[in-house]
Amino acid sequence: MSFSAADHLYMQQALRLAALGLNTTTPNPRVGCVMVRDGVVVGEGWHVRAGEPHAEVFALREAGARARGATAYVTLEPCSHHGRTPPCAQALIDAGVTRVVAAMVDPYHEVAGRGLAMLAAAGIDTAAGLLASEAAELNKGFVSRVSRERPWVTLKAAASLDGKTALLNGQSQWITGTQARHDVQALRARSCAILTGSGTVLADNPQLTVREIATARQPLRVVVDGALQTSPDARIYGPEAPTLLVTAVSDTARHQPWLVHGIEILALPGVGGQVDLAALMTALAARGVGELMVEAGAGLGGALIAAGLVDELVLYLAPCLIGDTARGLFAWPELQSLADKQQLTWRDARQVGADMRLTLGISVRASGG
């Protein structure tokens with residue numbers, strides 16, 4: 001189906017509105033809606049947070065009677081089911097809208113084309129696929145959670161130009177500059193959860209909260225501590241944000257020091273006394289986690305990549321050299337052939353302050369040949 005220049009213009013505006021919910025809508029998708037009648041925008045709206053009205057409702061409220069005969073541009077197919085709010089498809093029908101253009105079909109099984117079908121059955125002209133890739137990128141966490149039953153996983157790392165994350169003695173603060181570190185706060189703010197490992201907690205005692213950016217919520221902090229080595233008094237278990245401790249230890253008696261601090265514990269024993277990372281991803285998705293940010297050391301980061309559980313690498317690269325004996329990015333077995341290298345794909349590269357931010361997709365690991 002072909003779309004006009006005006007269709008593109010209005011959908012771009014709907015996407016800009018949807019992005020206003022970048023840090024607030026979880027676990028719901030980010031959605032924007034623009035109502036247009038006779039070439040004039042008569043209503044706009046965006047979804048703010050779960051449990052509150054959807055984008056279409058806000059746009060219809062603003063449009064009022066002018067919604068009759070209008071076109072609705074919405075970044076995600078209008079819902080057709082009763083959730084925490086009534087179905088938006090029915091609201092559009094009741095308002096007398098004559099055309100609905102959706103950027104993408106909703107992958108959620110309760111909708112999945114039913115919203116557009118409901119509109120079409122009511123005699124409304126429907127179309128989907130306009131700026132679909134942009135809409136999918138905006139909601140990559142939601143799409144991953146409902147279609148793959150695992151979060152979209154972004155692994156963040158910071159390194160010197162020679163690929164080192166810390167000196168041999170463990171000193172790592174700070175390789176990158178203040179602007180890059182502020183940029184990391186924006187990544188945290190949009191994430192549903194932030195995952196780290198026991199090694200990072202023991203070495204750095206991080207808080208892993210969103211700072212410097214106004215936010216109405218703090219992401220869930222997830223600590224992978226297979227052998228329960230971290231202290232219940234570590235900063236990451238403080239009250240500033242919710243924390244989930246994930247361990248391979250099933251003995252509930254050993255959980256008590258954390259439980260008395262009010263820390264939730266999830267036991268997911270895997271092979272060799274390690275946490276079952278694939279099961280963890282499934283469990284996080286079931287909790288509504290769509291975008292998962294990983295801020296961890298070389299061991300956990302390498303394990304997640306090796307398990308095929310990382311979708312994207314965001315690497316902050318500082319213009320400095322700190323030496324061959326310094327610590328590397330990821331723990332990785334020695335390769336005997338370059339055919340076994342982990343392949344990445346470029347997605348974005350830009351300067352942030354004095355540093356470079358490289359965004360790369362992680363593809364299926366090569367298997368020789």
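**Close-up views of a predicted model**

**Figure 1. The largest cavity and its lining.** Sixteen residues line the largest cavity, and those nearest its centre are Thr26, Asn28, Arg30, Phe142 and Cys192. The structure shown is a predicted model. It holds one cavity of 30 Å³ or more, and the volume of the largest cavity is about 100 Å³. By residue type, the lining of this cavity consists of six nonpolar, seven polar and three charged residues. Helix 6, which covers residues 140-148, gives the most to the lining, with three residues. Both domain 1 (5-140) and domain 2 (150-362) take part, each supplying at least three residues to the lining of the largest cavity.

Figure 2. Strand 12 is made up of residues 291-294. Glu291 and Met293 point one way from the strand, while Leu292 and Val294 point the other way. All of these residues are buried. Strand 6 (residues 152-160) pairs with strand 12 in the parallel sense, over four bridges. Strand 8 (residues 193-197) also pairs with strand 12 in the parallel sense, here over three bridges.

**Figure 3. Thr200 in helix 8.** Helix 8 runs over residues 198-204 and includes Thr200. Is Thr200 buried or exposed? Its relative accessibility is 16%, and because buried means under 20%, Thr200 counts as buried. Neighbours within four places in sequence are left aside in the contacts given here. With that condition, Thr200 is in contact with Asn205 and Pro206, and also with Glu295, Ala296 and Gly297.

**Figure 4. Pro78 in a loop.** Pro78 lies in the loop that joins strand 3 (71-74) to helix 3 (88-95). Although Pro78 lies in a loop, its relative accessible area is 0%, so Pro78 is buried. Which residues are in contact with Pro78, leaving aside its neighbours within four places in sequence? They are Glu56, Cys88, Ala89, Leu92, Val100, Val111, Gly115 and Leu119. Arg114 is 36 residues from Pro78 along the chain, and the C-alpha atoms of Pro78 and Arg114 are separated by 8.9 Å.

Note on methods: Residues numbered from 1 in each chain as written. Predicted model: local features only at pLDDT ≥ 70, side-chain atom pairs only at ≥ 80, totals over all residues. Heavy atoms only, no water. Buried < 20%, exposed > 50% of the residue type's maximum accessible area, 1.4 Å probe, protein only. Helix = DSSP H or I, 4+ residues; strand = E, 2+ residues; numbered from the N terminus. Pairing = 2+ DSSP bridges. 1 Å grid on protein atoms, 1.4 Å probe; cavity = no way out; pocket = protein on both sides within 12 Å on 5 of 7 lines; lining within 4 Å. Points joined across faces, edges and corners; volume = space filled by probe spheres on them. Nonpolar A, V, L, I, M, F, W, Y, C, P; charged D, E, K, R; others polar. Domains from an automatic or database assignment. Contact = heavy atoms within 4.5 Å.
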